[in-house]
Each structure stands twice: as structure tokens, then as C-alpha cells.
Amino acid sequence: MYSTAHPRDYPACSGCSLCRLVCPMWRHRRDPRFSPEGIAKARQNGAGVTELADVLDACTLCGACDPVCPEDIALSDMIMDLRGELELPPDLAVLQVGYAQAAAQAAPAPAGALLLAGAALRADPTLLTQVEALLGLRSAGDDGADLAVALEIGGDIDPQRKRRFLNAIDGRSLVVGDGLLLRELRRWLPGARLQGLGEALGSLPAIRRRIASTDFYVIEARAFHADHARLVAHYDGLRKDRGCAMNLDLQRIAMPARASAYPALRMGPAREDLEQARWLLQGRRPARIVIEDAAERDVLRRVADVPVLHLAELAALNEVTVYA
Ligand code: SF4
Ligand code: SF4
């Protein structure tokens, strides 16, 4: 689906291993095959996609490896390409069809700026209503959820379907809930005014001033890594203003709270997700966890004994004063 129009691809891998340091697959398994380096090296040595199926399935597409590769290999794109050559996971292919049918029946997009909520947020109608009210946006009935599934599983995207979706949103300001779709929209609609949900909500004073120094703030990794160079300033500013801890490592790469494939689409966290979330919280004693991505609530609630709140839910709470 992506062809191989990357600036650089797996032949450029030097084996420096930097990508292992940030990869949740590697961190969890400690198996060199389960890392971007492992995939690149296997490809250099002639491995076919079926031999790599387990590894390709395990990748969360968090994008953490992309900004760290000194050879500038588009690693998560490489993995999405390869996934596209695997057989589709049947349950997810069915899900994609269901979303596409819902999109075909959706009312035309309302006028003005739009929220493309995405599957995880739409699954919580109360939270979705809060988000719409806070941002003063209306949701597009067709939020491209089927396209987000196709991106996740490396499935084909029907060009007519894509054109119809893009025509309905072109020229609008968009806030996008699905980090993977946001990443593609930057390519599909260059010059469009696009923001991820976490950035949009975290920029609102009514929410920002309620983030406390005792919070652990969990950045949605996909949206962050897709626009890493720009968003570093946003999150550094947030951290400095509010004094909260974040899921950023020393290189300011966001560690995702989940560690299994298809994170936004699974019905519940897998064992490795729980281990990843525990690892993320290791050595921390936050009073509260604040999340940008509704899909990460479940796994964090299972491993933490403190409240886990979506950013939008902060708006209804008492303000927090931070003394510098
Ligand atoms: S996208 Fe994330 S999980 Fe996949 S290889 Fe890169 S760092 Fe690892
Ligand atoms: S960071 Fe890039 S060059 Fe280094 S091992 Fe990973 S893929 Fe290869």
C-alpha cells in the first residue's frame, strides 16, 4: 500500500541498535528479532514477510523508533508496508468493513472546524460529548475509522473511498483523535490545519491549569512521534508550566502505555500491555494519571491504584495552583 517511496529503507541499517532503546517490543521481549533493527537486519539477509509475521504483528506502530534512527530510515512505514503483505487479521478486516458501512451512512459533515474522534473516543459517548463541548467542535459522522483500521493492519485503501473522505474534510481545521490517521492526514492533506486531540485539549487553559505536579501525564505516542520536532516544544512547555511527570525518556521520545499490536482495536489489554504499563509506572508514585488517548485507560487502570483521567475530564475538577 505504501510502496517503498521512503527516503531510506532497511538496506541503510547500520546495526547501531539505537532503535532498540526506545522500542516497546524489544523492551518487553529482549529478543533482537523483536525490534526495528531485527526486522531491518532480517530483510538485509533475505527474510520474507511470512518469516517476520510474529514480529510485524507485535509492533505497536508507536513510531518511537522513527526519530531516533541516525540513518533516517522510515521504520514504522517499513513495518506498515510489510504488514500489508501479510494476510489480514480476519477480525480486524470485519471491523474495517463495519466502519466503512457506518461511514457510508453518515450524515454530511457539519460546517466549520471538525473533530475526527476515532474509534476509542467514540466508544465512550459521554467523554466524546465532553471533548466536543470543550473544543467547541462537532464530530464528523465519517471520521475515517475504516481508514485508520486499514493503516493499522496494512490493508488496502480504496482510492474512491479515500477521495470521498478527504473531499468532505479538505479545507477544514481538524482535530484528530487517532494518531495513526493523523500521521497519514499530514501526508494526504499537506498544508491542512491539523492537531492531535492531546495537543488541542492540552492547549486549553481550562484544562492546562488543572494538571498537577503530582500527575503522571501519558502522551499518546503515535500522534507525538508523527510530529515530534514541533510537539517537543508543546510538551516541554506543559511539563515546565505544570511540573508533571511524563512518559518521555531522556531523548524526549514518548513511551507508549501499551505493548501489543493493534492497540486501539483490541477488546482488552494483553499480558504484555500490562507489563509495559507497569514498567512505565515503575519507580513513580503519581497521585493521578492523566491520559490523552481513551484507548490507554483500561490498561493503566488495571495496573495503577490511582485515578486515571482523560484530559477532557480535568475540566470539571478544581483548579490546581503550581508554585514555581
Ligand atoms: S513502531 Fe514502536 S513498537 Fe514498532 S518497531 Fe518502532 S518502536 Fe518498536
Ligand atoms: S537505529 Fe536505524 S540504523 Fe540503527 S539499528 Fe535501528 S534501524 Fe538500524
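The questions and answers below go through a predicted model of one protein chain and two of its ligands.

Residues are numbered from 1 along each chain as its sequence is written, while chains are lettered from A and ligands numbered from 1 in the order in which they are written. Local features need pLDDT of at least 70 and side-chain atom pairs count only at pLDDT 80 or more, but totals for chains, interfaces and linings use all residues.

Reader: Into which domains is the protein chain divided, and how far apart are the C-alpha centres of domain 1 and domain 2?
Author: The bounds come from an automatic or database domain assignment. They are domain 1 (10–83), domain 2 (90–196) and domain 3 (201–316). The C-alpha centres of domain 1 and domain 2 lie apart by 28 Å.

Reader: What radius of gyration does the protein chain have?
Author: The C-alpha trace spans about 60 × 50 × 35 Å along its principal axes. The radius of gyration is taken over C-alpha atoms, and the globule rule is 2.2 Å times the number of residues to the power 0.38. For 324 residues a compact globule would be near 20 Å, and the chain agrees with that at 19 Å.

Reader: How many helices and strands are there, and what percentage of the residues is buried?
Author: Helices (H or I, at least four residues) and strands (E, at least two) are DSSP runs, numbered from the N terminus. The protein chain has 17 helices and eight strands. A residue is buried if 20 or more other C-beta atoms lie within 10 Å of its own, exposed if 12 or fewer, and partly exposed in between, with C-beta atoms placed from the backbone. Of the 324 residues, the buried share is 44%.

Reader: Which element gives the most to the shell around ligand 1?
Author: A residue is near a molecule if its C-beta atom, placed from the backbone, lies within 6 Å of it. Ligand 1 is surrounded by 15 residues, the closest being C23, C59, C62, A64 and C65. At least two shell residues come from each of α2 (24–29) and α5 (75–83). The most, three residues, come from α5.

Reader: Which element gives the most to the shell around ligand 2?
Author: Around ligand 2 there are 15 residues, of which C13, C16, C19, E37 and C69 come nearest. Two or more residues of this shell are given by α1 (18–22) and α3 (36–44). By class the shell has 10 nonpolar, three polar and two charged residues. With three residues, the element that gives the most is α3.

Reader: Which elements do the buried residues of α3 pack against?
Author: The buried residues of α3 are P36, E37, G38, I39 and A40. Just after the helix, G46 takes a positive phi of about 95 degrees. The buried residues pack against α1, α4 (53–58) and α5.

Reader: Is A150 buried or exposed?
Author: A150 is found in helix α9. Two residues are in contact if their C-beta atoms, placed from the backbone, lie within 7 Å, and A150 touches Q96, G155, D156 and I157, not counting residues up to four places away in sequence. Because A150 has 27 C-beta neighbours inside 10 Å, it counts as buried.

Reader: How many other C-beta atoms lie within 10 Å of R288?
Author: R288 is in strand β7 (residues 288–291). Leaving out residues up to four places away in sequence, R288 touches A212, T214, D215, V306, P307 and L309. R288 is partly exposed, and the number of other C-beta atoms within 10 Å is 18.

Methods. Nonpolar A, V, L, I, M, F, W, Y, C, P; charged D, E, K, R; others polar.
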